[in-house]
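Reader: Could we go through this model together? I would like to begin with one loop and then change topic as we go.

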Amino acid sequence: MLITWETRYMLLLWLSVTCLIPFDFSRLDGNLLTQPGQMRMSVMDRILQIAEAYLVVSDKARDAAAVLVSKFVTRPDVKQKKMAGFLDWSLHTLARSSFQTIEGVIAMDGMLQSLSAVWQITEDPSHQSEPNMLLFAASTVLECLEGCRLPDSNQTLLRKLGVKLVQRLGLTFLKPRVAKWRYQRGCRSLAANLQRCAQSQKELMVHVETPDSDGDYDIPEEVESVIERLLVGLKDQDTIVRWSAAKGIGRMAARLPKELADDVVGSMLDCFSFQETDNAWHGGCLALAELGRRGLLLPSRLKDVVPVILKALTYEEKRGSCSVGTNVRDAACYVCWAFARAYEPQELQPFVAAISSALVIATVFDRNINCRRAASAAFQENVGRQGTFPHGIDILTAADYFAVGNRANCFLVISTFIAGFPEYTQPMIDHLVTMKINHWDGVIRELSAKALHNLAQRAPEYSAAHVLPRLLSMTQSLDLHTRHGAVLACAEVARGLYRLSVQEDRPVADYLDEAAVQGLKQIHQQLYDRQLYRGLGGELMRQAVCILIENLSLSKMPFRGDVVIDGWQWVINDTLRNLHLISSHSRQQIKEAAVLALAALCSEYYTLETGEADPARQEELIRQYLADLQSPEETARCGFSLALGALPRFLLKGRLQQVLAGLGAVTVIRPENVSFAESRRDALKAISRCVSSGLFPQSLLSRAPATDSPTPELSASPARLLWAGASVCLSVEGPVPGLQDRPALLVRGGSVVPAAQLCPRSEVRLSPWFGQSWVREAAMTSLMDLTLLLGRKQPELIEASVCQQVMCHVAQQASEKIDRIRAHAARVFMALLHSHGSPVPHVPHRGELEKLFPRSDMASVNWNAPSQAFPRITQLLGLPTYRYHVLLGLAVSVGGLTESTVRYSTQSLFEYMKGIQNDPQALEGFGGTLLQVFEDNLLNDRVSVPLLKTLDQMLANGCFNLFTAEQDHPFSVKLLALCKEEIKKSKDVQKLRSSVAVFCGMVQFPGDVRRKVLLQLSLLLCHQFPVIRKTTASQVYEMLLTYGDIMSEDVLDEVMTVLGTTAWDAELPLVRGQRNRLCDLLGVPRPQLVPKVTAWPSAL
């Protein structure tokens, strides 16, 4: 055997080419008698032997061997001598092989490929001089195939090859001819087509069926068996088998008489039964397309075929949590495409309305993108070749290949445009109500309801008289999906009719009669009485009813003072209160629906005739919601926080201070709610919405009496409350265990300040897992909204210290490691700097900032990209006001894990450091700020560990070379003290490794600092963790290679020898001796073991 399958494959293909030589192979044999009594094999026998050997191998060479056999055994000189023997060998191999074994599958694959190739070549007219030569063999092969039971095999390729061979055998039984009875449109000749077009302008051409003059010849019995097997192949579970069977039926029908071909069409139509599977529907569509494309489906059959295709265009069967039928709809579009090319316009004229509407519906309302595009292509083909589709060009312009790629665009935009043509409006509405409102996919149901909102305005009378009553009856369906979609659709249709009545300045009663209004009002009570708000299905119904409440409230239904309002309010409250019982994947959507419903409900039904709030409703609502803000469930806090933020301004009138105080209390960090980050996020959003509603700008900044606030320490001005609260969320991450019950905001001297400024640092430090990015994002958004609002209304009330705090904290977030938060912070920073209208007062260094961040950067810079963001943000290091916060954010980014963030933040930082190397004062200021960041974040692993990595890179890059000229520079002394304090009693391997790198970098500082650094490294060489000992030894070795001038060469060589030859992961007593030897060589005192003091129990 040759080495690679590629070599064997190519040699077999080359051998198949040599079989095309035009002279007899016997000429190549010469004298076959080599010695007396011995004969060598002829060339013919050797080629056949090689081909048969490679037909049963397991690699790609088997395919090439099949090609070789087909070229070889069909030669005139080989056919007479070897074909019978090869067929016997092939059939014998097939008969004794089983598709249940690997060897059997390989052998059957080779035999089927070779036989199919042989019969395919014999169909060539050049090989048909003796048409009956393979007739007997075809019958024998067909019988052998029936015994192999290939349809029962689980091997797709075997079934496909079996169908392919069967159709080749079937063609052998029929005369090779072109059916005279077939339908023809146009000619293959361009000149003939042009001449025909000229004639068609003068007279309308009508197809006349030609009688079949060859219908009197006998059809062998085997043909019926072949057709039956091909029809079975149309129902196969794999597409390639069905496609092969469809092509086989087309080829067979082209050689059959007209009556028998029509019987085949009738048998195929039996595939389109709802008792059949989707496989049968798909195979039937492929076969119909083949027949139509070949002109074998006569126009007289269109009345039977077109209704079937229309059903196939919307075919879908639910299977578990999904559905099948995508391939059926795609194949039905292929049928429509083939019909457009096959028939004259007058033949399809009676079916134009049905086909065009069905294709339009599939184009805009199909769930699958491939089906939408296939329907668009079929519609385009019909418009171009038939020219009879109404408004075809206009529709194609809006629903082209790329436009239908977006599903929401199809449902909400394109469908609205197409519905403007009356021919398509009612069929589209009927399809949505019949097929899409009860769809298994919730997204489709929601999009369908929104589409009905738009289409109802195109056909208001039909929607009000027929669609809405039907939808109201569907709201009581036992099927959950039908019920959910119907409630959504009722809400959207009612809203659509109301919007139309407003546009036309007509009362809504012109479209919605009393029965429809009563039906809409009774939906909630009927669902409540049947307890359909409970269980998993209750999630969908709660969401749908909330949307119904919102739309009916916006539609100003005459329900004021009705008992249904109390029922709607109960649904909203109960949904918000029990959000923790709702599955996590739908919780956010239901929460948003309930909040929107509350806002619409309150705006419409909770006002008096004077426009003021109903006092009883206001008192009950705000009291209840403020109480629910203290719920032990985080989801309830989130829901009621957003609910308070969504209340209309008339309900907040006189209660704004109380509401803001309650929302501020949600931001209080206590041990029992330390992980409630989402509730703090939503509370910040709600506070921002409340103060941004434009309600009483003067009172927005005034101090409320202490008695009006349930939390006395939070009774400061709402604006300061939001500023301080958001700043806390931006500056700290969360409390350590044991944090006392302490508010995040306290009052000192009449102003609100973060508790972080009044509490010990150890009590407000937060664990890393607590720093959820969405809280910081909401805080920045709230800060921006409030600051811009006050900048427009009363800029003189913005204090300089507050504005500085806001800008600095946002700048810090703009330099941190998370791309999304960094980009959002940069946009907020730019919005505050370049505010429209009145500028925000007291922005520190405004002139320098406008030069560093021009207004054009708001649109041109991609702040998500580290390569564009960090070079701009690091320029703030030159402004003293921003340096601390920007350096705090950069330390986290430079010492992070993301490659792109680390790379570009490091490059930007080093570029800045390079620019101040010759400025001692600037470098001193930078170093002092850096040490201050370190000191403020001692033992805060989120900052300290990345900061150690940042210091390592800065020391290695020579950023502090200016300090090395002075012995015991204050920077190095304090840095050493901070590093020692950070790793004191630490068992964090990552932190210890980072500190080792920093200590090694600090060796470049001369004086007593160097001796202390070497002593600290010697301590780490005997650390209790072997990995730290090995890391320290490796880092010290590299340090000595870099800073070898700190000791003499003799000592350096000996020190490096000890470091390189010692097994630092050995037992501590062995390692300690080598460590002490290094201490003697380095001139530092040996560390002494501190004995553990054991306290004796006190005497009784």
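**A loop proline, a helix pair and a core**

Author: Pro-648 is placed in the loop between α30 (634-646) and α31 (649-652); helices here are DSSP runs of H or I with at least four residues, numbered from the N terminus. This is a predicted model, in which local features need pLDDT of at least 70, side-chain atom pairs count only at pLDDT 80 or more, and totals for chains, interfaces and linings use all residues. Residues are numbered from 1 along each chain as its sequence is written, and side-chain values use heavy atoms, with hydrogens and water left out.

Reader: Is Pro-648 buried or exposed?

Author: Pro-648 is buried, with a relative accessible area of 11%. Buried means under 20% relative accessible area, exposed over 50%, and partly exposed in between, for a 1.4 Å probe and protein chains only.

Reader: And what is Pro-648 in contact with, leaving aside its neighbours within four places in sequence?

Author: Cys-602 and Ser-603 are in contact with Pro-648 on that basis, contact being heavy atoms within 4.5 Å.

Reader: Changing topic: at what angle do the axes of α11 and α12 cross?

Author: Helix α11 (residues 258-269) and helix α12 (residues 278-293) have axes that cross at roughly 155 degrees and come within 10 Å. The axes are lines fitted to C-alpha atoms over the stretch in contact, and angles run from 0 to 180 degrees between N-to-C directions. The crossing angle makes α11 roughly antiparallel to α12, a term for angles over 145 degrees.

Reader: Which residues make the contact?

Author: Val-265, Met-268 and Leu-269 of α11 meet Ala-287, Leu-288 and Leu-291 of α12.

Reader: What about the largest nonpolar core: which members touch the most others?

Author: That core has 326 residues, and Met-428, Tyr-882, Met-913, Phe-926 and Phe-960 touch the most other members. A nonpolar core is a set of buried Ala, Val, Leu, Ile, Met, Phe, Trp, Tyr and Cys residues joined through side-chain atoms within 4.5 Å. Not counting residues up to four places away in sequence, Phe-960 touches several residues, including Met-913, Phe-926 and Phe-1005.

Reader: One last topic: where does Lys-556 lie, and what is its phi?

Author: Lys-556 lies in the loop between α26 (535-554) and α27 (563-577), and has a positive phi of about 55 degrees although it is not a glycine. Lys-556 is partly exposed, with a relative accessible area of 47%.

Technical notes:
Helices (H or I, at least four residues) and strands (E, at least two) are DSSP runs, numbered from the N terminus. Angles under 35 degrees count as roughly parallel, over 145 as roughly antiparallel, 65 to 115 as roughly perpendicular and the rest as oblique.
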